[in-house]
Amino acid sequence: MSLTYLKLRLKLPSNNMLVFIRTYRQAQRSTGPKSQEGEFRTLQLTPAKNNRSGPMKKRPKPVYKEVLPPRYLRMSTDQDWTNVWPTATTFKQSVVPLPITQGYVASDKENKGLPIEKRANAELMKIPNFFHLTPNHIKKHCAAIKQYCTPWPEEFNSDEACEYYLPIQITTHDYLNSTPSIRDTRARVVKFNFKLTQLEFDEHARDKFVRLAGPRYNTDTDELTLVADKCPYRKQNYDYAQYLLTALYFESWKTETWEQERTKNDWQRYYWDESPSRDRLLDILKAHEKDPSSVNSKSLLDRNKKLVERYRKSISRVQDEGVENELKNLKDYKNDVLMLYNLKL
Amino acid sequence: MFKSSFLFRHLSLQSKRYIHLTNPSLTAGQTQYHGQQNSTWWDKYGSHVDPIQSRVDLLNMDDLDERHFRPVKPVIPTYQSFSCFHDPIVSRVIGILLREGDRELVEELMHKTFRTIKLIQIGKWTRAKTDDERSLIECNPVNLLKQAIKNATPIVRLTRIAKGGTLYSVPIPMSPVRGTYTAIRLLIDSTHDARPHDQRFWTLFAKEIMDAAQNQGRTIKKKQEIHRNAELNRAYAHFKWQK
Amino acid sequence: MTLITSCLIRARVAAYRSFNRFYANSVTRTIDVHSVPQDLFESKAEQPFRTSTNDPLLHTEKDLGLFYTVNPEDLKRISPFGKSLPLQFREECEAFNETCVMIRQPSIDIIKLMKQIDWNLPPLKVVLFPSELGVGMSLSLFHVLHYGLRKKMLLVNTPTAAEVLKLALDATPSPNNELMWDTPTAASSWLKTFAINNEELLKETNFRTKFTYTWSARESTPAGTHLLDLIGYATERIKYASECVGAIVKEVKTQVKEKNIQTLVTFDTINSYYGPTWIVKPDKSTVKPNEVTMVKALQELLLPDWNNAFIVVTIGPKGVIIPKVREKRNWLVRHGHYRTEHRLPGVLMYDEAMTVKSLLRTEGIEALEPFVPIQVQKYTDDEFNNQYRYYIDRNWIQNHRGRDEEGRKEILFYTAKNPYEMAKFVGSR
């Protein structure tokens with residue numbers, strides 16, 4: 001036998017290269033059909049992949065189970081939905097008998113802009129659904145809870161009555177989680193909410209109360225909101241809020257010595273009776289009189305009570321109210337001044 | 001950390017070709033991106049037709065106008081306008097005066113310039129005795145500006161052509177667009193040179209425009225100097241076509 | 001053929017080439033559209049925009065929205081230093097060679113009030129306030145001043161009240177009172193204005209001082225000096241000008257009743273008297289307006305302790321003095337409103353409502369009380385049309401497109417009938 005060179009492709013760990021290795025031919029067991037003399041025999045290191053010499057063997061056809069139609073097609077129209085969807089679960093397209101879509105096709109090659117139907121729509125599974133909270137569900141829940149409830153007090157038949165008997169609205173939150181700990185730190189917060197009209201004030205006390213409350217007081221709704229969350233337990237926070245409210249109220253009734261020092265700019269509204277505006281008005285009223293020396297200011301005010309009251313109101317409104325109504329207030333004020341001077345426009 | 005480095009490698013491989021575009025120190029010309037396809041925003045308006053730019057045009061539009069059935073280019077508010085007072089030459093002057101994109105400032109400068117011109121010219125107009133005198137006074141500031149630009153436009157310019165190892169200044173004709181630009185540039189430059197320095201820009205600019213409209217002043221001298229230089233170098237004029 | 005002529009021909013040939021540049025292409029189209037000038041706007045003959053009566057004594061509500069021409073001599077007497085009218089308006093008047101003022105509702109109202117007022121009462125104050133910036137308060141005030149001049153009233157006019165408080169370099173400590181600050185230049189110009197306004201009247205009534213004024217140990221003015229002489233003295237000895245303002249105010253307040261002279265007191269932008277100033281003390285604190293001698297004297301005119309007088313004041317954003325030294329932080333425009341985005345952050349600007357309370361604050365209202373607030377509005381349609389026709393008549397609108405209906409509509413749209421905006425917009429067209 002002559003020596004032949006065999007070309008073998010070897011995979012080496014370091015690099016990919018073609019390597020030629022000289023080998024000696026060795027006797028092999030012949031597995032194939034016997035070769036005849038003179039025929040060029042091919043070297044078969046591995047058996048041929050597919051033996052195509054014989055006829056194609058027929059594979060058995062796979063037998064699939066019969067696919068049932070989705071459940072929503074088999075539902076009756078008068079079924080009880082609460083039994084189908086008793087609790088909160090992820091969206092299942094086969095169960096919900098509604099033509100729901102979610103999102104749009106983004107691809108330009110497909111039908112861009114068309115809504116995507118519910119089948120195989122992962123987006124629908126991500127969002128929360130409320131199929132477990134239909135009116136029938138709620139009715140069932142209520143019926144189940146009803147045995148634990150007490151009747152509503154008859155006195156609280158209106159909102160005003162509720163507000164009168166229960167002036168302070170106390171808000172707390174309870175949290176229930178499926179975690180190892182049943183505690184939740186947010187449960188400690190206590191919120192007190194009430195209207196200032198529920199409390200008894202004089203002008204000074206109310207002013208001081210509002211100043212002490214600061215941003216907790218809402219001018220528009222006349223509501224005060226106290227949030228207590230300093231202490232670790234709810235009871236402590238509740239007590240603290242009660243204490244805070246009491247302290248605020250009684251502190252606002254006190255008048256300290258330094259409060260005498262405040263000027264008129266420190267007041268929250270315009271006090272016309274102590275302002276130079278009143279003196280000006282008196283001057284003009286005095287000038288209207290025949291003999292100005294004989295009248296005093298009190299008699300003047302009494303005589304022109306109506307005019308003075310009108311003037312006082314209009315100028316206070318100009319001074320106190322904001323820009324929104326100012327043009328209207330100025331018009332009123334203008335008419336008053338014209339009346340004062342007996343003028344017509 | 002592994003993830004971030006992977007991301008970074010990926011990104012750097014992706015944007016390797018365009019990394020020079022993100023370099024802020026490069027100017028537009030240095031980005032090697034000049035003249036590439038779709039490199040400018042107006043490339044996508046290749047098949048679009050020009051927009052209508054005046055109300056008269058809109059009212060007189062033909063039913064078979066191609067704007068009815070072909071895509072239309074957008075109106076660029078800084079250059080084009082639907083206003084009946086809009087004048088392209090004024091917006092060209094504004095564009096040349098513009099610095100750091102402060103268009104509001106430059107527009108105000110132009111308004112004040114025109115107002116100054118009008119104050120002077122209409123003062124003369126109202127004080128003129130006869131109608132003949134009045135007809136000689138041009139009060140419209142935009143007309144004056146156009147006249148000034150026309151008077152200040154040089155018709156030749158010098159370019160440099162290398163021949164036999166030496167550079168020659170060769171006079172060549174000025175294109176109209178470049179001529180307009182040069183005229184406005186000359187007007188502005190002579191305004192910057194003008195005295196007294198404590199005067200406002202619009203006062204001096206108004207004076208320059210009115211001078212140039214009458215073929216007088218520093219701007220016209222600058223134009224004449226350009227012409228004189230061209231005349232001096234007329235011997236090299238044939239280099240433009242003899243290579 | 002010279003080189004230049006050949007180039008000229010080549011340039012002309014090149015001009016017919018179409019350019020494929022985006023802008024140039026579309027721009028040439030715009031030129032073609034309006035190349036034909038249209039006919040001039042024809043003013044309607046049956047509705048004149050000028051009144052026949054140029055005397056403000058005869059103006060009635062029929063003349064509303066019409067222009068009247070101010071006599072140049074009167075103009076010189078009312079505003080000798082040109083401060084009673086805005087600068088832009090004066091420039092235009094110079095170009096038009098005449099001063100025309102529109103007769104508008106606020107000034108007519110004020111004149112109507114002046115006609116029916118009881119002069120024995122303490123002076124009535126009329127406060128003009130703007131509906132927005134540039135509605136023409138100063139011009140309305142000018143009309144009233146002209147009326148006063150024609151009616152031979154005593155004019156006590158302070159045309160730019162805020163100016164005194166802004167000229168910080170002008171202020172010096174008062175020689176007599178350590179707490180006060182003098183403003184000699186402003187005071188002397190005020191005195192000159194007063195003298196020129198009322199020269200004839202003062203001579204006719206032989207207005208002499210009732211009190212003796214001691215300026216220093218050596219210098220004093222005895223009682224019985226003519227007011228014009230006193231002013232002449234103070235304008236020469238400029239050191240005492242600010243105190244002389246106080247003297248004039250005192251004399252006017254005491255003598256107006258017995259001499260039976262009706263007095264018209266006017267202040268332009270009086271809200272500056274109730275805010276901060278730009279004058280700074282050596283210890284870096286800001287001087288208050290009532291620490292300025294002249295302002296303090298003028299503020300006494302607003303008190304109700306005299307009569308035979310009528311007071312017209314204006315308040316506006318021009319009078320708002322934004323403090324330079326302190327409280328600057330309060331006035332900074334931090335986050336731009338969408339309408340004020342063009343303002344740079346950190347620019348000082350008055351950005352509040354233009355109503356009485358926000359311009360005057362509590363103190364200002366108290367000082368002026370009782371007053372008749374009158375809002376100056378923007379132009380009405382008629383006023384706008386008259387103004388437009390006046391501009392065309394004066395040849396001020398030069399663009400031929402501005403003279404036809406389309407241009408008129410565009411001016412209306414851009415300016416929204418605001419007088420100042422209109423003057424600005426039309427100014428360059």
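Two strands are said to pair if DSSP finds at least two bridges between them. In this predicted model, strand β4 of chain C and strand β9 (residues 263-267) of chain C meet this condition with five bridges, and they run in the parallel sense.

- Strands of a sheet pair through backbone hydrogen bonds, either parallel or antiparallel.
- Chain C contains an open sheet of five strands in the order β4-β9-β10-β3-β11, and its pairing is parallel.
- At the edges of this sheet lie β4 (154-158) and β11 (371-376) of chain C, each of which pairs on one side only.
- On average, and with direction ignored, neighbouring strands of the sheet are turned by 15 degrees against each other.
- Which residue is the bridge partner of C:L155 in β9(C)? The partner is C:L264.
- Helix α11 (residues 241-259) of chain C packs on the sheet and touches β4, β9 and β10 of chain C. The direction of α11 makes about 155 degrees with that of β4(C).
- Helix α5 (residues 105-116) of chain C lies across β3 (124-130), β10 (309-314) and β11 of chain C, and it runs at about 155 degrees to β11(C).

**The sheet of chain A**

- Chain A has an open sheet of four strands, ordered β3-β4-β6-β5, in which the pairing is antiparallel.
- The edge strands here are β3 (169-171) and β5 (217-218) of chain A, and each pairs on one side only.
- Strand β3(A) is joined by three bridges to strand β4 (residues 190-195) of chain A, and the two run antiparallel.
- The bridge partner of A:Q169 in β4(A) is A:N193.

**Domains and annotated regions**

- Chain C is divided into domain 1 (109-377) and domain 2 (387-429). The C-alpha centres of these two domains of chain C lie 35 Å apart.
- Five residues from domain 1 of chain C and four residues from domain 2 of chain C take part in the contact between them. The side belonging to domain 1 of chain C has two nonpolar, two polar and one charged residues.
- Chain A is divided into domain 1 (159-176 + 184-261) and domain 2 (270-340). Taken over C-alpha atoms, the centres of these domains of chain A are separated by 39 Å.
- For chain A, an unreviewed UniProt entry places the feature "domain: Small ribosomal subunit protein mS35 mitochondrial conserved" at residues 184-254. Over residues 184-254, chain A is 44% helix and 20% strand.
- For chain B, an unreviewed UniProt entry gives the annotation "domain: Small ribosomal subunit protein uS7" for residues 83-234. Over residues 83-234, chain B is 66% helix and 11% strand, and the end C-alpha atoms are 46 Å apart.

**Contacts between chains**

- Chain C places 24 residues in contact with 24 residues of chain A.
- Among the elements of chain C on this side, α5, α14 (356-368) and β11 each supply at least two residues. Helix α14(C) gives the most, with six residues.
- The residues of chain C that touch chain A divide into 13 nonpolar, five polar and six charged.
- Helix α4 (residues 103-127) of chain B packs against helix α4 (residues 87-96) of chain C at an angle of about 35 degrees, with the axes 7 Å apart.
- This contact involves B:L119, B:I122, B:G123 and B:T126 of α4(B), together with C:E91, C:E94, C:A95 and C:F96 of α4(C). By class, the contact has four nonpolar, two polar and two charged residues.

**Local backbone details**

- A cis peptide bond, with omega of about -5 degrees, joins B:R195 and B:P196. B:P196 is placed in the loop between α7 (176-193) and α8 (201-213) of chain B.
- Another cis peptide bond joins C:E369 and C:P370, with omega of about -10 degrees. C:P370 is in the loop between α14 and β11 of chain C.
- Although A:D222 is not a glycine, it has a positive phi of about 60 degrees. A:D222 is found in the loop between β5 and β6 (223-228) of chain A.

**Confidence of the prediction**

- Chain A has a mean pLDDT of 85, and 86% of its residues reach 70 or more.
- Over residues 1-19 of chain A, pLDDT stays under 50.
- Where pLDDT is low, the predicted coordinates should not be read in detail.

Terms used
Residues are numbered from 1 along each chain as its sequence is written. Chains are lettered from A and ligands numbered from 1 in the order in which they are written. This is a predicted model: local features need pLDDT of at least 70, side-chain atom pairs count only at pLDDT 80 or more; totals for chains, interfaces and linings use all residues. Axes are lines fitted to C-alpha atoms, for helices over the stretch in contact, and angles run from 0 to 180 degrees between N-to-C directions. Two residues are in contact if their C-beta atoms, placed from the backbone, lie within 7 Å. Domain bounds come from an automatic or database domain assignment. Ala, Val, Leu, Ile, Met, Phe, Trp, Tyr, Cys and Pro count as nonpolar, Asp, Glu, Lys and Arg as charged, and the others, Gly among them, as polar. UniProt positions are given in the numbering used here, feature names are shortened, and annotations may be inferred rather than shown by experiment. pLDDT is the predictor's confidence in each residue, from 0 to 100.
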